[in-house]
Amino acid sequence: METSTLARVLVVEDDKGIQELLRFALLRGAYQPICADSAEHAETLLRETLPDIALIDWMLPGQSGLALTSKLRKEPRTRSLPIILLTARGEEGDRIAGLEGGADDYVVKPFSPKELLARIQAVLRRCSPEHGKGTLSAGPITLDTVSHEASVEGQRITLTPTEFRLLRFLMASPGRVYSRQQLLDNVWGDHVYIEDRTVDIHIRRLRVALGVAAEHMVETVRGAGYKLGARPGAKDHDHPSPPR
């Protein structure tokens with residue numbers, strides 16, 4: 001099963017015109033928009049898939065965007081979801097209420113699509129560095145998250161969308177060990193029902209794609225998971241058993 005390399009953005013906006021403007025801007029910015037027109041609709045979508053960031057309008061019909069934000073912060077599954085509140089309420093007290101209510105940023109309408117994309121990038125860099133746009137480097141590996149190209153020692157390599165997303169996630173935090181379940185949740189999505197052995201298969205395929213110059217950077221840590229080494233290092237026989 002392949003997955004898009006694009007960061008998923010949940011848009012919660014009841015004004016159809018603004019929703020379409022946001023959707024178009026996100027597509028132009030190389031994001032994958034998921035749209036809802038109410039807090040209740042958003043909660044239904046969130047039960048199906050966990051996005052990488054959410055844009056929530058404060059003044060929604062029924063449950064407000066601020067109430068939705070506070071609710072998401074209390075749920076273990078969405079507690080760390082990056083959230084940007086969108087609102088026409090620009091007074092200092094409103095901004096403070098929004099941030100204290102759990103938002104990571106606060107954008108006042110009207111705003112330019114360029115400003116919004118910059119705010120999204122800033123929040124993603126701070127909260128989810130694996131989705132920041134730019135160039136990631138580790139040893140001989142270079143990953144361009146804008147053009148979605150990867151190279152080893154300057155030579156471009158071919159990766160599937162899943163391999164690209166897996167490598168990007170590992171490269172965002174070199175040296176950090178992730179369990180197979182953590183990789184499944186962050187790379188495939190927490191509502192994609194596949195066996196955790198799928199991670200082992202894709203790790204093997206990723207190593208093949210990286211080639212002899214970099215395959216050993218993707219390390220198996222016995223009983224714990226996988227990590228990206230800071231430099232080409234241990235071979236597989238140094239860590240003989242995959243995590244269980």
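A definition before anything else: two strands pair if DSSP finds at least two bridges between them. Strands themselves are DSSP runs of E, at least two residues long, and helices are runs of H or I, at least four residues long, all numbered from the N terminus. With that in hand, A138 stands opposite I141 in β7.

Some ground rules. This is a predicted model, where local features need pLDDT of at least 70, side-chain atom pairs count only at pLDDT 80 or more, and totals for chains, interfaces and linings use all residues. Residues are numbered from 1 along each chain as its sequence is written, and side-chain values use heavy atoms, leaving out hydrogens and water.

Back to β7. Strand β7 covers residues 141–144 and pairs with β6 in the antiparallel sense, over 4 bridges. Both belong to an open sheet of 4 strands, ordered β6-β7-β8-β9, with antiparallel pairing. Which strands are at the edges? They are β6 (135–138) and β9 (155–157), each pairing on one side only. From one strand to the next, the twist averages 25°. For angles here, axes are lines fitted to C-alpha atoms, for helices over the stretch in contact, and values run from 0 to 180 degrees between N-to-C directions.

What lies across this sheet? Helix α6 lies across β6, β7 and β8 (149–152), and runs at about 110° to β7. Contact means heavy atoms within 4.5 Å.

Helix α6 (residues 161–172) also packs against helix α8 (residues 197–210). The angle is about 90°, and the axes are 10 Å apart. Therefore α6 and α8 are roughly perpendicular to each other. That label covers 65 to 115 degrees; under 35 is roughly parallel, over 145 roughly antiparallel, and the rest oblique. On the α6 side, the contact uses T162, E163, L166, L167 and L170. On the α8 side, it uses H202, I203, R205, L206, A209 and L210. By type, that contact has 7 nonpolar, 2 polar and 2 charged residues. Nonpolar means Ala, Val, Leu, Ile, Met, Phe, Trp, Tyr, Cys and Pro; charged means Asp, Glu, Lys and Arg; the others, Gly among them, are polar.

Next, the parallel sheet. It is open, with 5 strands in the order β2-β1-β3-β4-β5. β2 (32–36) and β5 (105–108) stand at the edges with a single partner strand each, so one side of each has no neighbour in the sheet. The twist averages 20° between one strand and the next. Inside the sheet, β1 (residues 8–12) and β3 (residues 53–57) run parallel, joined by 4 bridges. V9 stands opposite I53 in β3. Helix α3 packs on this sheet, touching β1, β3 and β4 (83–87), and its direction makes about 170° with that of β4.

One hairpin. β10 (residues 218–221) and β11 (residues 225–228) pair antiparallel over 4 bridges. E219 stands opposite K227 in β11. With 3 residues between the strands, G223 takes a positive phi near 75°.

Last, the second largest pocket. Its lining is E43, L46, R47, K71, L72, E75, R77 and T78. Two elements give two or more residues each: α2 (39–48) and α3 (65–74). The largest share, 3 residues, comes from α2.

Note on methods: 1 Å grid on protein atoms, 1.4 Å probe; cavity = no way out; pocket = protein on both sides within 12 Å on 5 of 7 lines; lining within 4 Å.
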